[in-house]
Amino acid sequence: MGIRSVKFTIDSNLENVPLIGMSVNKLCLSVSFSDIDAFNIELCVVEAITNSIKHACCGELGHEITVVFTLTQEDVMLDICDTGACPMNPERLDKAVIEPPGINLLDIGGIAEGGRGLGIMKEIMDSVIYRSKEGENCLTLVKKLPVK
Amino acid sequence: MEIREEKINDVDVLKLEGRLDASSAKDMKEKVELLTKENRVKLVIDMGGVDFIDSSGLGSLVSSLRSVNKLGGDIKISALQDQVRAIFELTRLHRIFGIYNDSDAAATSY
């Protein structure tokens with residue numbers, strides 16, 4: 001079977017994010033990912049769209065966000081794109097980690113409330129690539145299909 | 001997401017239902033803020049009904065823990081579904097929250 005893809009489009013409203021998340025979860029289950037992998041891929045897509053809405057679109061409604069789910073023989077690829085005016089500095093992705101080194105877990109004041117999203121994506125997905133060109137900002141997430 | 005309040009002795013239990021994500025994280029923080037204003041800072045958050053959590057949801061729990069810790073209180077987490085528990089472990093937050101199988105065990109631990 002060749003490459004297949006489906007495109008989702010939402011307005012930049014956080015209330016819409018679960019619609020794509022849950023759809024991606026079901027699609028992943030249908031191509032033999034485990035429950036936990038499907039959940040994790042949903043999480044990464046939700047993180048990416050949420051970043052687009054909160055940061056690239058500055059939390060404003062009225063911006064279009066697209067997610068293209070592409071299935072190949074080897075992997076699932078998700079392209080999350082927006083045309084928000086505040087693209088991410090690519091260095092943020094390079095430096096992103098779930099837990100900065102040297103964190104003291106006994107000091108709750110030193111544990112960040114946010115900033116885990118990119119680190120989570122890098123931990124779960126096989127590849128995370130960001131590009132911003134000609135007014136379009138896209139994050140591409142790739143996960144290899146499970147070995148049969 | 002829905003939040004219901006219950007009591008086990010002097011412990012406030014917040015039972016969450018739905019998705020704890022960027023659109024519901026604010027509700028979570030506001031609920032805990034209301035409790036802290038009444039100095040109710042021995043909390044259990046029952047997440048048995050939470051089938052999805054993202055980094056914003058986790059952030060709301062960290063923020064809430066910080067608020068109650070300042071007043072000498074604590075937040076214990078109970079009844080995590082497997083996939084949600086895995087995200088706590090992935091982000092290492094299972095090391096800063098007490099995590100229990102059910103709300104009774106969490107409340108008794110105070």
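Begin by selecting helix 2 of chain A and helix 4 (residues 117-124) of chain A: their axes come within 9 Å and cross at roughly 145°. Axes here are lines fitted to C-alpha atoms, for helices over the stretch in contact, and angles run from 0 to 180 degrees between N-to-C directions. Helices (H or I, at least four residues) and strands (E, at least two) are DSSP runs, numbered from the N terminus.

A word on what you're looking at: this is a predicted model, in which local features need pLDDT of at least 70 and side-chain atom pairs count only at pLDDT 80 or more, while totals for chains, interfaces and linings use all residues. Residues are numbered from 1 along each chain as its sequence is written, and chains are lettered from A and ligands numbered from 1 in the order in which they are written.

Helix 2 of chain A brings Asn40(A), Leu43(A), Cys44(A), Glu47(A), Ala48(A), Thr50(A) and Asn51(A), and helix 4 of chain A brings Gly117(A), Ile120(A), Met121(A) and Ile124(A). Contact means that the C-beta atoms of two residues, placed from the backbone, lie within 7 Å. By class, six of these residues are nonpolar, four polar and one charged. (Ala, Val, Leu, Ile, Met, Phe, Trp, Tyr, Cys and Pro count as nonpolar, Asp, Glu, Lys and Arg as charged, and the others, Gly among them, as polar.)

Stay on helix 4 of chain A. Which of its residues are buried? They are Gly117(A), Leu118(A), Gly119(A), Ile120(A) and Met121(A). Buried means that 20 or more other C-beta atoms lie within 10 Å of the residue's own, with C-beta atoms placed from the backbone; exposed is 12 or fewer, and partly exposed is in between. The buried residues of helix 4 pack against helix 2, helix 3 (90-95), strand 4 and strand 5 of chain A, together with helix 2 and helix 3 of chain B.

Next, colour the strands of chain A. Five of them form an open, antiparallel sheet in the order 1-2-3-5-4; strands pair if DSSP finds at least two bridges between them. At the edges sit strand 1 (4-11) and strand 4 (127-133) of chain A, each pairing on one side only. Zoom in on strand 1, which eight bridges join to strand 2 (residues 64-71) of chain A. There, Arg4(A) stands opposite Leu71(A).

Time to bring in chain B. How many residues of chain B are in contact with chain A? The count is 22, and they meet 23 residues of chain A. Select helix 2 (55-70) and helix 3 (82-90) of chain B, the elements that give two or more residues to this side. Helix 2 of chain B gives the most, nine residues. The chain B side divides into eight nonpolar, eight polar and six charged residues.

Finally, zoom out. Along the sequence, chain B reads β-β-α-β-α-β-α-β-α, while chain A runs β-α-α-β-β-α-α-β-β. Buried residues make up 45% of the 110 residues in chain B; of the 148 residues of chain A, 32% are buried.
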